[in-house]
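Please open the structure in your viewer and keep the selection tool at hand. The tour below goes from one selection to the next and says what is found at each stop.

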Amino acid sequence: MLTPTQRYAAGALFSLALHQAQEHQTSPLGFPSHQDEDGGGESSEERVSSSSSSDAVSDDTQLWVHQSSGLLRPVFKFLEIDSRAWGGLEETAAYSPSKHHVGAFLRLLAEETSDVSEGAAEMELALMNSIEAMSLSMENTPADYESKKEKQREYEQACREKFSTPDKMPESELKHNSMHNNNRQEINVITSIVEESHAQSISESDGKPLDEVKMLSYQRKLAVLYELLSACLANMSEDDKKSTRQRKGYDARYRVALRLLSTWFDVKWIKMESIETIVASSAMAILKEEESKEVAQSKKSSWAKWKRGGIIGAAALTGGTLMAVTGGLAAPAIAAGFSALAPTLGTIIPVIGAGGFAAVATAAGSVAGSVAVAASFGAAGAGLTGSKMARRIGDVDEFEFKAIGENHNQGRLGVEISVSGFVFEEEDFIRPWEGQQNNSERYVLQWESKHLIAVSTAIQDWLTSRLAMEMMKQGAMMTVLSSLLMALAWPATLLVLTDFIDSKWTIALNRSDKAGKLLAEVLQKGLQGQRPVTLVGFSLGARVVFRCLQILAESETNVGLVERVVLLGAPISIKDMNWEATRKVVAGRYVNAYSTNDWMLGIAFRANLLTQGLAGIQPVNVPGIENVDVTEVIEGHSSYLWKTQQILEQLELDTYYPVFNQSVLKS
Amino acid sequence: MESSSGAVPEFDYLFKLLMIGDSGVGKSTLLLSFTSDTFEDLSPTIGVDFKVKHVTVGGKKLKLAIWDTAGQERFRTLTSSYYRGAQGIIMVYDVTRRETFTNLSDIWGKEIDLYSTNQDCIKMLVGNKVDKESERVVSKKEGIDFAREYGCLFIECSAKTRVNVEQCFEELVLKILETPSLLAEGSAGVKKNIFRQKPPESDASTSGCC
């Protein structure tokens with residue numbers, strides 16, 4: 001569908017995006033508190049030019065674009081870019097700030113139109129139509145959204161009723177409301193700053209991005225993204241022992257790079273998600289078709305060729321059946337998935353029909369590559385939900401994934417795992433996450449509910465005890481936190497009261513560390529199906545996520561697993577916890593949401609608070625971590641139960657650059 | 001990304017060199033001849049190629065990062081972004097094809113003026129393929145005149161016989177070493193905001209040739 005020169009330019013843009021995404025790990029786009037993109041670029045230029053540091057790609061194996069990461073070359077290979085050009089592309093991406101080159105490559109992509117055959121243009125158009133149709137079916141209808149909202153409100157109401165004396169001061173509600181308008185104004189300013197600097201940094205990424213992007217037709221952009229995604233999913237890499245990347249499948253770094261690229265292209269992320277779904281579904285369709293042919297006997301030469309080419313994942317070869325390839329995606333589920341898609345697509349686009357998915361893939365010239373995608377699902381679905389590993393480990397009594405949302409067995413290539421950490425009953429593991437709007441395949445992790453409920457209830461009981469109530473009325477709690485932070489003396493009454501929380505809290509902390517380790521093991525085993533994972537957790541759940549990252553950070557091979565992370569009200573020390581290392585295993589955004597008046601967390605975690613800081617109530621000053629102050633949203637630690645969803649909405653996780661959009665804020 | 005190589009630097013200066021010129025004049029072969037002492041007939045370069053060569057010139061250990069650009073028209077738009085920050089530019093023509101010589105002033109010279117961010121950047125004119133003496137159509141005199149007019153260095157060489165190949169790069173590097181501003185760039189951080197004066201569309205320059 002694309003000419004060789006276009007594929008070259010696409011490969012180049014992808015490498016630039018990949019490298020840029022890595023730079024943004026430590027200096028996020030449009031984030032004033034750290035180096036902005038300009039600064040980041042400049043520093044890399046310095047790095048390049050200074051005589052003391054390494055400067056050619058070949059010297060720095062930490063780079064994603066470096067050959068040893070095994071990320072770029074398979075993509076180049078799939079795109080059929082001449083191998084002699086690889087070195088130049090890698091060097092271009094790593095050597096100089098990408099903003100200089102993005103425009104030039106975009107222009108190259110756009111200019112090359114003369115020798116595009118009519119057929120290719122038609123294919124581009126057909127592809128665009130199917131992507132549009134797909135994204136229509138994936139988009140949430142307003143009614144849908146409202147019903148989810150309603151459900152969430154119900155949950156909030158239920159929670160509030162349950163904690164008739166929630167851990168907030170009585171007057172805070174009033175204050176909250178009266179302050180609301182002022183705050184909103186103030187906050188709007190903040191948001192606009194972030195957005196402005198984003199716009200700025202984007203436009204800085206080259207002199208006049210809009211012109212160049214405008215030169216590209218929409219179809220062309222989608223075609224490029226489609227080709228690149230197919231390339232990312234194809235199992236082209238021969239087993240390169242030098243490569244540190246041992247996993248096949250959809251690397252989280254690929255997804256982040258594609259996300260940046262779609263930002264450069266000014267293409268909505270949902271289009272990219274549609275492309276993901278189309279590629280995944282067509283891959284499964286093709287596999288199924290080929291499988292039946294195979295069984296029927298005639299050794300289809302093409303099939304044999306694919307096998308010889310090592311294109312089919314190992315799973316396909318050893319398993320020998322479709323089931324083995326698709327893992328947990330049971331056959332009926334696949335069929336259901338297709339029939340769900342087929343009507344939408346089939347009626348709208350002529351190419352989608354009998355064997356239509358195959359047609360789309362063929363049109364894009366990426367049949368071979370797509371086939372490997374199915375393997376990348378691994379043991380998804382059943383893999384996660386079926387992994388009750390707890391008993392085997394022994395240290396953890398309960399550790400179970402539960403599927404939520406409607407996106408299962410739909411060929412979604414993004415996985416989200418949500419972890420609650422402050423729960424009063426089992427449904428608190430699920431309900432905080434239910435109303436979330438996104439297109440990932442979503443799971444919640446239910447873990448150690450007994451201990452969590454025990455500690456949460458103890459805290460709640462303590463809050464409702466008379467002494468605490470008295471103190472709250474006097475507004476003492478607000479000063480507690482500040483005295484904690486300022487190392488002032490503690491009111492003796494508090495110390496006595498907290499005693500009986502402490503033992504339960506200690507157990508829960510300990511269990512969360514162990515659960516984190518388990519989670520890391522699950523991800524390392526690829527039970528999520530070699531797909532990029534987004535991890536979200538609040539309270540002790542955030543600690544599970546963090547612990548998981550720490551374990552993953554211990555090995556170099558784990559860098560491509562996790563795409564995004566959101567920690568809310570996290571009981572994690574800031575010092576001595578090696579946040580920098582965990583930053584490296586998160587390919588994309590890494591958010592720490594904190595509330596400066598979450599004094600309950602402060603008290604529970606007071607042992608470490610003084611000397612080491614606490615992520616749940618303070619910003620973490622580690623480059624690349626997005627600190628978001630949610631004090632305005634959170635009234636007390638238990639608010640995370642019903643406010644998490646709103647915070648996630650405000651974070652707009654599908655956006656490449658840091659966002660905390662206050663305009664979604666509802667009173 | 002803090003590259004934490006606190007080790008002894010393996011070189012004193014790092015220079016970025018750029019090779020430009022029409023398709024088929026022998027940029028890639030010249031570079032190959034310089035970096036690995038071999039001669040091959042190469043197919044046209046795609047986009048850009050990149051080679052590193054460590055040399056010692058004038059007692060200084062140098063690391064040369066040499067960017068070899070595609071001469072083909074369709075990649076012209078790409079080349080523009082590689083001029084940035086180059087301390088030396090090598091303009092190559094084929095002594096047996098006059099148009100490759102005239103294009104240097106008609107097209108490539110303008111490109112340099114447009115895109116080079118380095119006012120002091122050293123330019124070098126190289127007439128390649130002198131081994132084909134019988135087919136020569138551009139005389140040495142013409143080359144010298146052009147170089148004088150344009151204020152650049154000049155050499156004639158052959159990538160095939162390796163005549164003057166080493167000298168070509170050496171002379172260029174020596175000249176860079178003599179230029180304090182370039183030297184400073186090669187050893188320390190690059191000046192800021194240079195790229196803000198982004199030149200206008202390249203279309204103007206490419207339209208001149210067809």
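Begin with chain A of this predicted model, where the domain assignment gives two domains to colour separately: domain 1, made up of residues 1-29 + 66-133 + 210-238 + 248-295 + 352-369, and domain 2, which covers residues 376-665. If you then display the contact between them, you will find 27 residues from domain 1 of chain A and 30 residues from domain 2 of chain A taking part. About 2,300 Å² is buried between domain 1 of chain A and domain 2 of chain A, and carbon and sulfur atoms give 59% of that area.

Next, select helix α1 of chain A, residues 4-26, together with helix α5 of chain A, residues 99-111, whose axes come within 9 Å and cross at roughly 155 degrees. Because angles over 145 degrees count as roughly antiparallel, α1(A) and α5(A) are described as roughly antiparallel to each other. The crossing of α1(A) past α5(A) is left-handed. Show the side chains here, and you can follow how residues of α1(A), including Y8(A), L13(A) and L16(A), meet residues of α5(A), including V102(A), F105(A) and L109(A). Sorted by class, this contact of α1(A) with α5(A) has eleven nonpolar, four polar and one charged residues.

Finally, move to chain B and select helix α3, residues 98-115, with helix α4, residues 140-150, which pack at an angle of about 10 degrees with their axes 12 Å apart. How are α3(B) and α4(B) oriented, parallel or antiparallel? The angle makes α3(B) roughly parallel to α4(B). Where α3(B) and α4(B) touch, look for residues of α3(B), among them F101(B), L104(B) and K110(B), and for E142(B), G143(B), F146(B) and Y150(B) of α4(B). By class, the contact of α3(B) with α4(B) has four nonpolar, three polar and four charged residues.

Terms used. Residues numbered from 1 in each chain as written. Chains lettered and ligands numbered in written order. Predicted model: local features only at pLDDT ≥ 70, side-chain atom pairs only at ≥ 80, totals over all residues. Heavy atoms only, no water. Axes fitted to C-alpha atoms, helices over the stretch in contact; angles between N-to-C directions. Helix = DSSP H or I, 4+ residues; strand = E, 2+ residues; numbered from the N terminus. Parallel < 35°, antiparallel > 145°, perpendicular 65-115°, else oblique. Contact = heavy atoms within 4.5 Å. Nonpolar A, V, L, I, M, F, W, Y, C, P; charged D, E, K, R; others polar. Left-handed = near helix turned anticlockwise from the far one by under 90°. Domains from an automatic or database assignment. Buried area = accessible area lost by both parts, 1.4 Å probe.
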